[in-house]
Amino acid sequence: MYLPILQVSAEDLPEYAIVCGDPRRAEAISRRLTDARELAFAREYRTFVGKYDGVQLAVVSHGVGSPGAAVCFEELIRGGVKTLIRAGTAGSYSADYPAGSLIVSTAAVRAEGLTHQLVPAGYPAVADSAVTEALFASALESEGVVKKGITVTLDVFFSGVVDIPHRQYKEAGVLAVEMEIAALYVVAALRGARAGAILALDGYADTDLAGEYDPHTDVVAKAIEREIDAALKAVVKLASN
Ligand code: R1X
């Protein structure tokens, strides 16, 4: 089967995939693999395959935002991928979790549009528990802050004139905000795949705490390295069970 948007053949895809927004990060992750091979670079979707610790996996970029990312997740699952792990970035809601911390997302608030065109309101966007535990255990092996909990998926990055209820999310214990996890969890659940996500925090989303947005710092780069490590180790843990 040919996947027309990713522009890869299903026959080339393994059962595990690490997905991330940035095509350059996909390339960086692929450098951690043995026998790495680039299958395609179509639009924002850059696909590599290779092995980590003997386990075959794909590394694929999905771009920014749920609709485009969902296209990637759908095609990967159609192509035979059964476990998807997002290694992404997010803004923090809490001074306890500053830039450089890692968050494992157990579930996502569906504050975006895409999943509402897939399933009714009230349907949960929830991570697979085995994937979550593998990610959390792997992340704890690194040095630095790691927390697991609820995140929120928005469509908007630069705000307009509509108030986003950041304060309520924060008071309700939401840890971080990003733009693709709800799509990942809902698409995976609908199509019979399992999914999880780990996030490197790159600043504050909360307006009380937010300064100038600058995700290009050493602290963030180190956190991204830690989450990549955790995602790769999680794949190995899951494959060995
Ligand atoms: O998920 C969010 C989006 O993909 C996090 O980073 C991007 C925006 O900078």
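Predicted model: local features only at pLDDT ≥ 70, side-chain atom pairs only at ≥ 80, totals over all residues.
**View 1. Strand 5 and strand 6 side by side.** Here is the reply to our opening question: strand 5 and strand 6 (residues 55-61) run antiparallel and share six bridges. Look for valine 49, which stands opposite alanine 58 in strand 6. The two strands form a hairpin with two residues between them, and aspartate 53 adopts a positive phi near 50 degrees there.

**View 2. The other partner, strand 4.** Strand 4 (residues 34-42) also pairs with strand 5 in the antiparallel sense, over six bridges. Arginine 37 has valine 49 of strand 5 as its bridge partner, and valine 49 is also the residue facing alanine 58 in strand 6. Strand 4 and strand 5 make a hairpin too, with two residues between them; in its turn, arginine 43 has a positive phi of about 50 degrees.

**View 3. How covered is strand 5?** Strand 5 spans residues 45-52. Seven of its eight residues are buried, leaving the strand mostly covered.

**View 4. Around the ligand.** Which residues surround the ligand? You will find Gly21, Val64, Gly88, Thr89, Ala90, Phe157, Glu178, Met179 and Glu180. Strand 7 (residues 83-92) gives the largest share of this shell, with three residues. Sorted by class, the shell holds four nonpolar, three polar and two charged residues.

Conventions:
Residues numbered from 1 in each chain as written. Buried ≥ 20, exposed ≤ 12 C-beta atoms within 10 Å, placed from the backbone. Helix = DSSP H or I, 4+ residues; strand = E, 2+ residues; numbered from the N terminus. Pairing = 2+ DSSP bridges. Near = placed C-beta within 6 Å. Nonpolar A, V, L, I, M, F, W, Y, C, P; charged D, E, K, R; others polar.
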